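Visitor: Hi, could you walk me through this one? I'm new to reading structures.
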Amino acid sequence: MKQHLQASNVQKLGYDMPPLTVKGLRVFRGGRLVITGLNLSVSSGDIVFLRGANGCGKSTLLRTVAGLCPYNEGAINQADHEGQMLYQGHQNALKPNLTLAENLLHSVRVMTGNTLCNDTLSQLAAGFGLDAFLETPLSYFSSGQLHRAALLRFLAIPRALWLMDEPTVGLDFENCARLVKHMKAHLALGGAILVATHDNIGEFGNDNSRVVNMSDYAPTDSETHDTLPCVEDW
């Protein structure tokens, strides 16, 4: 039997998240070494900003933590966070022929097995100013509206660890402010955020906010020629 979630239940759950630990990570993409020697710990209430030039491994790290990209050396305690992570990459992963409400209901159903009542849908959509567009097919949305629609998953699906890849892309000033508000609320509930961004999103305080420069974990000149071993060598 599916449970109808109310907005109060969706957005006000507290989290008791074990620390995410990444140790000695070494990752290849497309046969090329991208990340080497990375160590990272993310605890409840932390926000970690991944910085660095294009192609330095920010997105690769997020995908690797999410379990979407294999790593070749090191360890990530992914098993401790099973069912606790929510990843949003560059693709919105929305169905343009469905309405905003239908897309949200589909995401919640797939991720939780539950559904949402109409009042909850309206309250969630209002989180990014989209409550007037619930019955509009996404094929009529602008790129900025589509990005906001994708970000609604973070409000609708309770997960302790948010993995966010360039969440401010396409957002105007008002919706950037909304995003910061939601991120701060998530941290206050004991959640954690690992976010790749080139933007100065907002002030989150010094105690639980830090920056990881992914360029520090780029391969050295001698390692840039390292290639992924052949299967026969494994």
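Guide: Happy to. Let's begin with a term: the expected span of a helix is 1.5 Å times one less than its number of residues. Helices (H or I, at least four residues) and strands (E, at least two) are DSSP runs, numbered from the N terminus. This is a predicted model, where local features need pLDDT of at least 70, side-chain atom pairs count only at pLDDT 80 or more, and totals for chains, interfaces and linings use all residues. Residues are numbered from 1 along each chain as its sequence is written, and side-chain values use heavy atoms, with hydrogens and water left out.

Visitor: OK, how far apart are the end C-alpha atoms of H5?
Guide: They are 20 Å apart, which agrees with the 20 Å that its 14 residues should span at 1.5 Å a residue.

Visitor: And is H5 mostly covered or exposed?
Guide: Mostly covered, as twelve of its 14 residues are buried (under 20% relative accessible area; exposed is over 50%, partly exposed in between, with a 1.4 Å probe and protein chains only). Among the buried ones are Gly144, His147, Phe154 and Leu155.

Visitor: What about helix H2, how many of its residues are buried?
Guide: Six of its eight residues, 58–65, are buried, so H2 is largely enclosed by the rest of the structure. Those buried residues include Lys58, Leu61 and Val65. After H2 comes Gly67, with a positive phi near 90°.

Visitor: Switching topic, where is His81?
Guide: His81 sits in the loop between strand E5 (73–76) and strand E6 (85–88). His81 counts as buried because its relative accessibility is 1%.

Visitor: Which backbone oxygens does the side chain of His81 reach?
Guide: One is the backbone oxygen of Pro18, 2.7 Å from a polar atom of the His81 side chain. The side chain of His81 also reaches the backbone oxygen of Asn77, at 3.2 Å.

Visitor: How many disulfides are there?
Guide: The count is zero, where a disulfide is a pair of cysteine sulfur atoms within 2.5 Å. As for cysteines, Cys117 counts as buried at 16% relative accessibility, while Cys176 counts as partly exposed at 22%.

Technical notes: A polar contact is a pair of N or O atoms within 3.5 Å; within protein, one must be able to donate a hydrogen and the other to accept it, and residues adjacent in sequence count only if both atoms are side-chain atoms.
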